[in-house]
Amino acid sequence: MRMAIVELLSISGPLTATELADRLDETPANCSWHLRKLAQHGFVEEAGGGTGRQRPWQVPGLGFGWDDEHASGSIQERRAAQALSEVVMSRAMDRLREFQQRAPEETEEWRKAQTSNEMVAWLTADELKEMNDAITAVLDRYVERLTEPQRRPPGSRLCEFVAWGIPTYFPGVEPA
């Protein structure tokens with residue numbers, strides 16, 4: 001429920017507990033309770049205006065980011081970050097499966113526009129970082145459209161990209 005709330009606030013901007021409840025088929029009281037819990041940990045904040053359940057809420061920034069290299073938290077905090085990452089990826093995989101089920105109903109234009117890629121490559125650490133930075137730069141070109149609806153071109157749809165560039169492990173394959 002909390003991840004769904006954060007996702008909707010990230011995509012749709014400020015929403016009230018009542019608006020979230022309508023979209024999530026929940027009660028406003030339940031959404032309000034989850035919003036307060038998320039706010040306690042800095043995942044959401046009041047957007048200003050309104051009172052009670054009519055107060056709009058927003059995310060303080062788009063996206064989450066963490067990595068072990070810069071994590072100064074305890075082992076429990078790092079495990080919590082890993083668990084959150086797994087939930088986020090699991091939800092993204094669920095949306096991929098949903099698209100795959102609905103794909104036959106999509107127009108030819110949208111069926112041809114979508115793609116799924118998977119690859120492996122031999123890279124140095126510097127090359128891996130360079131590739132990850134380049135992918136992020138491409139995705140960042142469109143991020144303002146989430147918060148500025150007037151920048152969305154006619155005919156545009158919300159699309160999702162999930163990418164990770166990681167060292168991977170295959171049995172019997174050792175680093176060069």
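Predicted model: local features only at pLDDT ≥ 70, side-chain atom pairs only at ≥ 80, totals over all residues.
Analyst: Helices here are DSSP runs (H or I, at least four residues), numbered from the N terminus. Residues count from 1 along each chain as written, and side-chain values use heavy atoms, without hydrogens or water.

User: Which helix holds Met131, and is Met131 buried or exposed, or partly exposed?

Analyst: Met131 sits in helix H6, residues 125-140. Buried means under 20% relative accessible area and exposed over 50%, with partly exposed in between (1.4 Å probe, protein chains only). At 38%, Met131 is therefore partly exposed.

User: How many residues apart are Glu7 and Arg91?

Analyst: Their side chains form a salt bridge (a Lys or Arg side-chain nitrogen within 4 Å of an Asp or Glu carboxyl oxygen), with N to O at 2.7 Å. Glu7 is buried at 19%, while Arg91 is partly exposed at 25%. Glu7 belongs to helix H1 and Arg91 to helix H4 (residues 75-102), which puts the pair at a separation of 84 residues.

User: Which residues share one salt-bridge network with Glu7?

Analyst: Glu7 also bridges to Arg95 in helix H4, at 3.3 Å from N to O. Arg95 is partly exposed, at 32%. Through shared partners, the network joins Glu7 to Arg91, Arg95 and Glu160.

User: Which residue forms a salt bridge with Glu106?

Analyst: Glu106 is buried, at 14%, in the loop between H4 and helix H5 (108-113). The partner follows helix H7 (144-147), 51 residues away from Glu106, and is partly exposed at 42%. With closest N and O atoms 2.6 Å apart, that partner is Arg157.

Key. Helix = DSSP H or I, 4+ residues; strand = E, 2+ residues; numbered from the N terminus.
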